[in-house]
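The following exercises are to be worked through with the sequence and the three-dimensional model at hand. Each task is followed by a solution in steps.

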Amino acid sequence: MSNGPHRIVFANEKGGTGKSTTAVHVAVALAYQGARVATIDLDARQRTMHRYFENRAETMKRRNIALPSASFGVYGHDSAAGLDDLTAQLSDGHDFIVFDTPGRDDPLARHVATQADTLVTPLNDSFVDFDLIGQVDAETFKVRRLSFYAELIWEARKKRAMATIQDARREMDWVVVRNRTGYTEARNQRRIDQALTELSKRVGFRVASGLSERVIYRELFPSGLTLLDKGHLGELGTSHLVARQELRTLVAGLNLPMPSSAAQPVQAELDGVA
């Protein structure tokens with residue numbers, strides 16, 4: 001179903017989950033596949049995604065190179081109507097619009113989350129982060145109740161189900177991405193597995209593997225480069241190659257609809273992603 005650019009919203013009311021890093025890498029992966037991508041950073045204070053793409057543009061200029069990238073901007077106003085107007089302005093020239101939201105409760109973050117075609121909620125593998133979407137029993141680790149955030153998205157998805165029929169809207173695909181799983185103790189990871197499986201059946205999200213905690217992501221930020229820019233990263237170690245494969249798995253797991261009008265993919269740098 002085609003009704004404008006596909007809206008991908010990265011949202012989590014907790015900080016420190018790798019949300020902006022994941023958003024940037026997914027946006028660049030889409031650009032490598034030939035899609036026209038726009039990004040809107042809704043965190044007008046930190047501007048992590050916006051700064052990443054600024055650094056990327058500066059690196060291309062400094063090195064005199066061309067890399068697949070995205071148009072980028074920050075929305076620093078309070079009006080949801082103004083944000084909708086900006087989104088509409090970007091619709092004609094782009095296949096995807098990627099929103100990065102603040103790591104806190106925010107009215108605009110809630111607004112774009114309910115408007116998402118694909119809602120991506122990165123979580124660290126801990127019950128501290130799991131509490132964002134559901135509360136578990138302290139003894140059995142069974143899910144006791146949904147969180148306010150999960151209820152919000154559940155209601156939004158029900159409304160979208162009606163709009164899918166009435167207004168030719170896409171159904172919302174909610175994907176919970178498990179980041180930084182490598183640092184989780186095995187028993188705790190099994191409990192989180194069970195809780196996520198139980199909750200996913202109740203509210204209808206999918207679970208996808210995300211990105212591990214790696215120093216390379218922090219090292220790449222000043223240059224704006226990503227793991228996909230392998231011709232410009234110098235010598236890569238085994239851990240970097242594993243990280244790139246994690247990214248490929250994540251992009252495939254999001255199951256995003258590539259437009260038939262997308263430009264020719266830059267396949268040399270993107271083997272295995274398309």
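**Exercise 1. The largest pocket**

What is the volume of the largest pocket?

Step 1. The model is predicted, so local features need pLDDT of at least 70 and side-chain atom pairs count only at pLDDT 80 or more, while totals for chains, interfaces and linings use all residues. Residues are numbered from 1 along each chain as its sequence is written, and side-chain values use heavy atoms, with hydrogens and water left out.

Step 2. A pocket is an open set of points on a 1 Å grid over the protein atoms alone, where a 1.4 Å probe fits and protein lies on both sides within 12 Å along at least five of seven lines; lining residues have an atom within 4 Å of a point. A volume is the space filled by probe spheres set on the points, which are joined across faces, edges and corners.

Step 3. The volume of the largest pocket is about 500 Å³. Its lining has 28 residues, and Gly18, Lys19, Ser20, Thr21 and Thr48 are the closest to the centre.

Step 4. Two or more lining residues come from each of helix H1 (19–32), helix H2 (48–63) and helix H8 (215–220); helices (H or I, at least four residues) and strands (E, at least two) are DSSP runs, numbered from the N terminus. H1 provides the largest share, 4 residues.

Step 5. By type, the lining comprises 4 nonpolar, 13 polar and 11 charged residues. Here Ala, Val, Leu, Ile, Met, Phe, Trp, Tyr, Cys and Pro count as nonpolar, Asp, Glu, Lys and Arg as charged, and the others, Gly among them, as polar.

**Exercise 2. The sheet and strand S1**

Determine the strand order of the open sheet, and then the surroundings of S1.

Step 1. The sheet has 7 strands in the order S3-S2-S4-S1-S5-S8-S9, with parallel pairing; two strands pair if DSSP finds at least two bridges between them. At the edges, pairing on one side only, are strand S3 (71–74) and strand S9 (206–209).

Step 2. Strand S1 (residues 6–10) pairs with strand S4 (residues 96–100) over 5 bridges, in the parallel sense. Within this pair, Arg7 has Ile97 as its bridge partner, and Ile8 stands opposite Val98.

Step 3. S1 also runs parallel to strand S5 (residues 118–124), joined by 3 bridges. There the bridge partner of Ile8 is Thr118.

Step 4. S1 is largely enclosed by the rest of the structure, because 4 of its 5 residues are buried (buried means under 20% relative accessible area, exposed over 50%, partly exposed in between, with a 1.4 Å probe and protein chains only).

**Exercise 3. The nonpolar core**

Which residues have the most contacts inside the largest nonpolar core?

Step 1. A nonpolar core is a set of buried Ala, Val, Leu, Ile, Met, Phe, Trp, Tyr and Cys residues joined through side-chain atoms within 4.5 Å.

Step 2. The largest such core has 39 residues, and those with the most contacts inside it are Ile8, Leu30, Val37, Val98 and Leu254. H1 gives the most to this core, with 8 residues.

**Exercise 4. Two residues compared**

Are Ala109 and Arg51 each buried or partly exposed?

Step 1. Ala109, in helix H4 (residues 107–115), counts as buried because its relative accessibility is 8%.

Step 2. Arg51, in helix H2, is partly exposed, with a relative accessible area of 32%.
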